[in-house]
Amino acid sequence: MAKARKKKRTHAPNDDAPGKPGQGNRRPKSMVIRMGAGDIGPSVTQLAKDFRAVMEPDTASRLKERRANKLKDYTAMAGPLGVTHLFLFSRSKAGNVHLRVATTPRGPTLTFRVQRYALSKDIAKAQRHPRGGGKEFLNAPLLVMNNFTSQPTGDANADPIKKQLESLTTTIFQSMFPPISPQATPLNSIKRILLLNRETQTDGSYIISLRHYAITTRRTGVSRRVRRFDPSEQRHREKKTGALPNLGKLEDVADYILDPASGGYTSASETELDTDAEVEVTQTTTQRVLSKREQQKQQNGEKDKKKDLEQGSGVEKRAVKLVELGPRLRLRLVKVEEGVCEGRVMWNEFVTKTKGEEKELEEKWEKRRKEKEERKKEQRENVERKRQLKKNTKANAGQAGEGEDEDEEEEWDSDELEAWDDLDDVNGSQGNAGEDMDEDEDEDMED
């Protein structure tokens with residue numbers, strides 16, 4: 001039998017699809033959501049849009065929220081779409097802005113209070129030469145984390161919860177972006193940096209500063225005026241008009257390049273004083289495909305032509321500079337939950353419970369878990385019983401029993417719908433309870 005043809009050019013295999021083997025190697029995807037839609041205000045709405053730009057390209061950049069959408073609507077679609085992280089921006093009645101970072105499908109959830117933030121447009125206004133939107137957002141940024149793990153002090157009375165928080169936070173932030181392989185990742189694909197710096201606090205609070213930068217490079221050892229004639233440097237300029245200097249009033253181009261009043265080669269300030277880091281970059285050049293005759297000539301000993309054809313790369317020094325894109329965020333970790341925005345509170349900065357209260361909460365969540373398992377078991381038994389009943393009815397009844405089968409099928413569907421409606425009511429009540437807990441804890445935070 002002939003082998004079935006498999007289309008490869010137009011039907012590329014989707015390795016990132018959920019539910020396939022090797023699911024742990026798929027690229028992380030995210031959704032940045034503003035809870036409450038327009039109720040959170042225009043500033044937080046713009047902050048959510050700026051944060052979507054940070055998470056590009058593996059995020060839902062054109063997501064449209066509605067006021068009627070609830071959290072369960074997004075969590076229900078996270079599985080089919082392969083979404084691994086949810087970023088939820090919300091604002092409480094007291095005016096506090098919160099960012100919840102949840103990993104799907106089972107959590108945990110980190111709740112941060114946004115103490116201060118600056119939008120991308122505000123940062124661009126403060127810069128003399130802001131960076132425009134280019135090809136920086138076609139690849140994921142390089143994640144740089146600083147001071148996330150505290151140094152071991154050797155103290156036997158060290159808080160173990162603090163070490164667990166550090167490990168959990170580090171793992172969640174590292175899983176937001178695809179891992180980078182130094183041997184396989186092209187250097188020119190890294191065009192952005194996301195910097196996360198943990199600030200050291202004496203009161204034990206967990207505060208993270210977030211910065212977003214674009215990576216720019218330029219040639220070193222060349223005068224600024226000479227660089228303006230380089231076509232590769234001109235392409236990086238935002239304003240295409242006026243990229244070349246006006247030489248109409250000069251008699252020779254040397255008068256422009258060697259002008260000592262403007263930093264020419266004859267000036268004392270021939271080398272520019274800046275603190276940009278210099279790195280050696282291998283500059284690749286394109287090669288044309290040789291014909292058979294040219295390959296034969298190359299093999300026969302034309303050394304001069306062979307050198308010209310084999311010259312494919314050169315090394316040059318380039319200065320690396322970071323240009324801030326925004327937004328800026330100062331986040332304070334206030335709560336850690338076990339599930340996706342609902343579940344047992346694992347840690348809370350403002351609420352401290354006694355041993356008895358912790359035991360009572362453990363019993364409460366254990367009771368909920370057992371009730372959920374019982375409901376699932378009962379639903380499976382009902383489905384299996386009705387399936388067996390339908391199978392026996394078809395085997396024993398003849399053609400006259402077709403009407404009864406249809407009635408039984410309709411009754412089965414109605415019972416199934418009632419069971420699922422009951423389950424949705426229970427889940428909805430748990431979700432509302434989680435939201436009430438958030439509001440109560442927010443009030444406790446304010447107190």
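**Entry 1: Terms and source**

I take buried to mean under 20% relative accessible area, exposed over 50%, and partly exposed in between (1.4 Å probe, protein chains only). This is a predicted model, so I note that local features need pLDDT of at least 70 and side-chain atom pairs pLDDT 80 or more, while totals for chains, interfaces and linings use all residues. Residues are numbered from 1 along each chain as its sequence is written, and side-chain values use heavy atoms, with hydrogens and water left out.

**Entry 2: Salt bridges**

I looked for salt bridges (a side-chain nitrogen of Lys or Arg within 4 Å of a carboxyl oxygen of Asp or Glu). The count by this rule is 12.

I took up Arg34 and Glu65, whose side chains form a salt bridge at 3.2 Å, N to O. For location I use helices (H or I, at least four residues) and strands (E, at least two), taken as DSSP runs and numbered from the N terminus. Arg34 sits in strand S1 (residues 30-34), and Glu65 in the loop between helix H1 (42-54) and helix H2 (71-81); the two residues are 31 apart, and the pair links distant parts of the chain. I find both Arg34 and Glu65 buried.

I then turned to Arg330, which meets Glu199 in a salt bridge at 2.9 Å, N to O. Arg330 belongs to strand S10 (residues 328-337) and Glu199 to strand S6 (residues 192-199), so this pair ties together parts that are 131 residues apart in sequence. Are the two partners buried or partly exposed? Arg330 has a relative accessible area of 16% and is therefore buried, whereas Glu199, with 21%, is partly exposed.

I also looked up Glu349 and Arg332, which form a salt bridge at 2.7 Å, N to O. This pair links distant parts of the chain, 17 residues apart: Glu349 lies in the loop between strand S11 (345-348) and helix H10 (355-396), and Arg332 lies in strand S10. Glu349 is partly exposed, because its relative accessible area is 23%. Elsewhere, I note that shared partners join the salt bridges of Arg34, Arg52 and Glu65 into one network.

**Entry 3: Thr104 and the cis bonds**

Thr104 and Pro105 are joined by a cis peptide bond, with omega about 0°. Pro105 is in the loop between S3 and S4. I place Thr104 in the loop between strand S3 (97-103) and strand S4 (109-118). Thr104 is buried, because its relative accessible area is 19%.

Which residues does Thr104 touch? Leaving out residues up to four places away in sequence, I list Ala78, Val83, Thr84, His85 and Leu86 as contacts of Thr104 (contact is heavy atoms within 4.5 Å).

I found a cis peptide bond from Gly326 to Pro327 too, with omega near 5°. Pro327 lies in the loop between strand S9 (313-324) and S10.

**Entry 4: Positive phi**

Asn147 has a positive phi of about 65° and is in the loop between strand S5 (142-146) and helix H4 (160-174). Its relative accessibility is 33%, so Asn147 counts as partly exposed. Cys341 has a positive phi of about 60° and is placed in the loop between S10 and S11. Cys341 is buried, because its relative accessible area is 4%.

**Entry 5: Cavities**

I searched for cavities (sets of points on a 1 Å grid over the protein atoms alone where a 1.4 Å probe fits but cannot get out; lining residues have an atom within 4 Å of a point). Points are joined across faces, edges and corners, and a volume is the space filled by probe spheres set on the points. I count 3 cavities of 30 Å³ or more.

The largest cavity holds about 60 Å³ of space. I list its lining as Phe51, Met55, Phe87, Leu99, Val101, Phe173, Met176, Leu194, Leu196, Leu210 and Leu331. S3 and S6 are the elements that give two or more residues to this lining. For residue classes, Ala, Val, Leu, Ile, Met, Phe, Trp, Tyr, Cys and Pro count as nonpolar, Asp, Glu, Lys and Arg as charged, and the others, Gly among them, as polar. The lining of the largest cavity has 11 nonpolar, no polar and no charged residues.

The second largest cavity holds about 50 Å³. I find it lined by Pro28, Ser30, Met55, Glu56, Asp58, Ala140, Met176, Phe177 and Pro178. By class, this lining has 6 nonpolar, 1 polar and 2 charged residues.

Conventions
1 Å grid on protein atoms, 1.4 Å probe; cavity = no way out; pocket = protein on both sides within 12 Å on 5 of 7 lines; lining within 4 Å.
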